[in-house]
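Welcome! Please take a moment to look over the protein below, and then we will walk through it topic by topic.

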Amino acid sequence: MTDATPNTPPGPFRNDDLLDQARRTAITSVLKEVHWEMQVRGDHKRKMKFGFLCHASFPDDVFFHLNAFDLPSGIDKAGAGQMFRVEVRPRFDDSKQRWGYAAARGTLISEPIPPAAPVNTEAPQTPSLARAQSAELQHCLKDIRFYASWGNGAGAGEVRSLSDRCLQLDPASQPRIEESIRLGQEDGSLLQPFYQLGTRLGSKFANHGAYQRALANLEQDRPDLSRRAKTQAKKGAQAKQRWVETKNLAKQGKPTSRVQVATSTAPALLSAPLPPPTRAELPGPGLPDGLHPCDLRALSPCPTWTLLIDETGTQFGPEANQLSAVSSKLGRFVGVLAPGTRRLAPLPVGWHAVDQSIEEIDRVIQAIIDVPAGVLGINVQQLPEAASERWAFGVIRLVELVLRLMPVQGQTHLDIQIEARGERFRRGAQWPAVTEQIRLRLADTYPERARLIDLQMRTVGKTDSTLIGYADAVAFINSGGSEHSHACLAASKLGGTCLLDSDTEALTRAVDWLDRGRTLDGRDWTTLLSHPDADQPAGLVSALLSRLGEAARADTTLWRRYLEQVTEHFDSRSLDLSMLGRQVEWLQQWLPAEETLPKPLRLLWLTAQLARLNHLGQTEQPWLEEMRQLADQLMDEDARLVCHAQLNLAVNATNRYDFAQAGQALQRWNPLETQPAGKLRGLLHKRTAAPPAEAVGVSAPKATAGLRYWGQVRSSLGQHAAFTGDPVTAVRFFDEALESFGQLSDPQQAQRESRQTQTYRAIALMDDPTQNPAEVRAAVETVIGPVPEALGKLAGTVASADRYAHHLALRWLVHRPDDALAAHYLARRDLWDQGEGHPWPLIQLYRGLLLQPQDPAAARELAMDGFVLATTADSGPVVRLIGACCRAIAAGWGETWETPESLLSDLTDKLPLAADRIARVGAYLGEDVRNPLSLLGQVLPFNFR
């Protein structure tokens, strides 16, 4: 390499300059064989082989990796302040998808220079800065330019603070400060017109020619300002919108703001007709039976504790809200509370779960349970939304929950060790201030507890603590990134009890209020009921709901207050029957002795019970006749509720293989059943292409039920037709349902309602031998997305939201074979995982059917997986019959099944109307030539397979 070129090209060379190919080519030519003396950034991590170099001509810094450098022997790492002579080239960063500058070649000039001696402020400092300070100075000057560009002097405070810092670093830097301010003001003058364009053009500014021309001109001369210009225009448009809204309110004679401040300090009178509930009856925080040993509420008091906090996942910002709750990318926070008297054994320095065997991970998790140490986990979706990432939010919220739940008896010391994450949260950054804020919030709610707890927070690295690995192990299995993680999490039983999926803001508030002897209002009560953890018998949410329930059972006034909340919900336009069912179920559970549920809520409660049992494939229930009678009595009072109940009755009949009764359950909602023959075109047999005249019996049920439930009825009737082997009629009903859903005013609700019916329609089409493959494929792609991309995505997910699409895709690949698409799915076999619940038995079976020709042993194992999944203790007879088919197919592939009679006999007792189909399973076992698809078609109609 030659010596440094004396006349180096002038800067600045910005990353944004590389966006245009022509400019990039020109810059590359200018930089060719030019050598720069550049310095490793002052914040560089000790002994790293890669990082960034600083130079005044490169405002965005230059990436380097020592592998590209010619170095003296023994030098294989870099240190902050080292100087290199390098050649710089443009480079595209694949990980960040953007252009930047990188050091292509380089040689070491000097080792790091020790910190400079204290500066004598009375004497002028030499122009030669300590190299370790020059990087910080460069960053400060860059920030000064940015804040100086803000309009109306909004950034003046930041400019003053940064200028003072620059002068501390170099008393001779005033000219450079003034130059940065001047350049920033010039930037501001270029950006201001874009704000004005936004205020003039409004929300449609982006499509206006004046804006597009101005942006094109700016990008020609200053592409580095393009993004900020777009932001300024958007801000201007938002300001214009606020202005328009203010003028409209003034025209209507309405106040611009509806904020009100009470003028009296006297206690406000309650407007509710019921007196306020008393505080004295609220039970104390008793502990439920069956607490997990790692549940913080189950631990014994200890004078000293260590709280170890780690995170997992990659997404902690606003984008995390769009992820599935089971996504391994979702940011999660885990705390392990280790008691000082029963210590966790130290782990090797640098212990990291991702580097360990499954045995070692199991050992560490077991150690946590055996001690026992407390475990508490939350995820980023449970935190308040913010514009940037919420890692610090998660740490703070986790600590606050631990302080409320940990056992305290006498003076207690809590040492909190947080694994450091990224440069923004480097060690020691502002944690003392955070600690005091947390102590303040605790003292507001639990003054006695706050007086007893001595709290200290600090960040540590994996090499600084021999205990932080325990939190890393729990975080690792909580991410669900592998089959072992799923299995370990399930075996440890930490999920749902210690690792929470609940809204922690509402949870913390509920804990605070109940521990202070106060009840929750209806909104917080509803929020608790909506939590995913509410069904965990020994979970925190369940315990809070039980405490509230015990108070309501003893206080009729309180119970009726929640009944009023349910009644308001029931009468509202935004009716959520699923949540309504949970509310009514809670009211029924904690019903005071002298109270009874009103008939509509009784029907709703029975319907919620039936819907849950239908999902499990359960059949006979003693109160089905009561549901039918209540439906008849309440038809005129609330037709929507009756329709909802009878839809579930129809599903129950289908689960009993009583397809005729399923149709009868919806008789009042089917115009064909209420009209004389010939007066109305039959909806089961469309005889003409002309649209029918609107008739009594069509409009009345449709208007009474409403578009949503009318569509659900048509979808249900389509299912009944498909179950009886009439796919053509089924598709007609499904099309009517989709047409009805398409008229809903809420697009999101329309999409939710349509998706399941589109799945049914695709299944009916693939079961119709007269349908051509292209139309069937189009119907499937409507649900799962374009193939083969959708198949690749589904192959690697166990997300609950994707399971029915996954089943549909595999059912299609098996029943309408396509070798290329099947190979595409099978090629991702390494990504396969297994979820829980229906239709995972069928997913595993269809995987086996696809795989059987090339790997019979693996196919047999998959079919057996389906059998095991379908025959759990809570599986209903329909799901168990699916499991029997899986086991029979596995037997046909060589798996032994010594006592099939036991299962088949029990299924015949539970499903007498399916006796012939169940007998077909037994006959299949004795056949010499077995056809799995024929068995499935004869035993499991429509979407049962």
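**A guided look at the chain**

Tyr657 sits in the loop that links helix H20 (639–655) to helix H21 (659–665). Keep in mind that this is a predicted model. The chain has 945 residues, and 48% of them count as buried. It contains 34 helices and eleven strands. Among contacts between residues at least 6 apart in sequence, 70% join residues at least 24 apart.

**Two residues with a positive phi**

- Tyr657 is not a glycine, although its phi is positive, at about 65 degrees.
- Tyr657 counts as buried because its relative accessibility is 5%, and the cut-off for buried is under 20%.
- Asp61 is not a glycine either, and its phi is also positive, at about 65 degrees.
- Asp61 belongs to strand E3 (residues 58–65).
- With a relative accessibility of 6%, Asp61 counts as buried.

**The nonpolar cores**

- In soluble globular proteins, nonpolar side chains tend to be buried together.
- The largest nonpolar core in this model has 93 residues, and those with the most contacts inside it are Leu337, Leu403, Leu414, Ile416, Met457 and Trp586.
- Helix H8 (residues 391–405) gives the most to this core, supplying nine residues.
- Which residues does Leu403 touch, not counting those up to four places away in sequence? They are Leu414, Ile438, Leu442, Arg449, Ile453 and Leu455.
- A second, separate core has 77 residues, and Tyr657, Met766, Cys886 and Ile889 are included in it.

**Helix H24**

- Helix H24 covers residues 747–766, which makes 20 residues.
- H24 has a kink of about 25 degrees, centred on Ser754.
- At the start of H24, the backbone nitrogen of Gln748 has a side-chain oxygen of Asp746 within 3.0 Å.
- Several residues of H24 are buried, among them Gln749, Glu753, Ser754, Tyr760, Ile763, Leu765 and Met766.

**Helix H30 and its neighbours**

- Helix H30 (residues 856–870) has 15 residues, and the distance from its first C-alpha to its last is 21 Å, close to the 21 Å expected at 1.5 Å a residue.
- The buried residues of H30 are Ala858, Ala859, Leu862, Ala863, Met864, Gly866, Phe867, Leu869 and Ala870.
- Which helices do the buried residues of H30 pack against? They pack against helix H29 (840–851), helix H31 (877–892) and helix H32 (900–910).
- Ser905 is found in helix H32, and with a relative accessible area of 41% Ser905 is partly exposed.
- Ser905 and Ile918 are 13 residues apart along the chain, and their C-alpha atoms are separated by 8.7 Å.

**A serine in helix H15**

- Ser546 lies in helix H15 (residues 540–554).
- Is Ser546 buried or partly exposed? Ser546 is partly exposed, with a relative accessible area of 24%.
- Although Ser546 and Gln589 are 43 residues apart along the chain, their C-alpha atoms are separated by 9.8 Å.

**Cysteines**

- A disulfide is a covalent bond between the sulfur atoms of two cysteines.
- How many disulfides does the structure hold? The structure holds zero disulfides.
- Cys166 is therefore in no disulfide, as its nearest cysteine sulfur, that of Cys140, is 4.5 Å away, and a disulfide needs the sulfur atoms to be within 2.5 Å.
- Cys166 is buried, with a relative accessible area of 0%.
- Cys488 is buried as well, with a relative accessible area of 8%.

**Cis peptide bonds**

- Val371 and Pro372 are joined by a cis peptide bond, with omega about -20 degrees.
- Pro372 is placed in the loop between helix H7 (358–370) and strand E9 (374–379).
- Another cis peptide bond runs from Val787 to Pro788, with omega near 10 degrees.
- Pro788 lies in the loop between helix H25 (773–784) and helix H26 (789–795).

Methods: Residues are numbered from 1 along each chain as its sequence is written. This is a predicted model: local features need pLDDT of at least 70, side-chain atom pairs count only at pLDDT 80 or more; totals for chains, interfaces and linings use all residues. Side-chain values use heavy atoms; hydrogens and water are left out. A nonpolar core is a set of buried Ala, Val, Leu, Ile, Met, Phe, Trp, Tyr and Cys residues joined through side-chain atoms within 4.5 Å. Buried means under 20% relative accessible area, exposed over 50%, partly exposed in between (1.4 Å probe, protein chains only). Helices (H or I, at least four residues) and strands (E, at least two) are DSSP runs, numbered from the N terminus. Contact means heavy atoms within 4.5 Å. The expected span of a helix is 1.5 Å times one less than its number of residues. The bend at a residue is the angle between axes fitted to the seven residues ending there and the seven starting there. A polar contact is a pair of N or O atoms within 3.5 Å; within protein, one must be able to donate a hydrogen and the other to accept it, and residues adjacent in sequence count only if both atoms are side-chain atoms.
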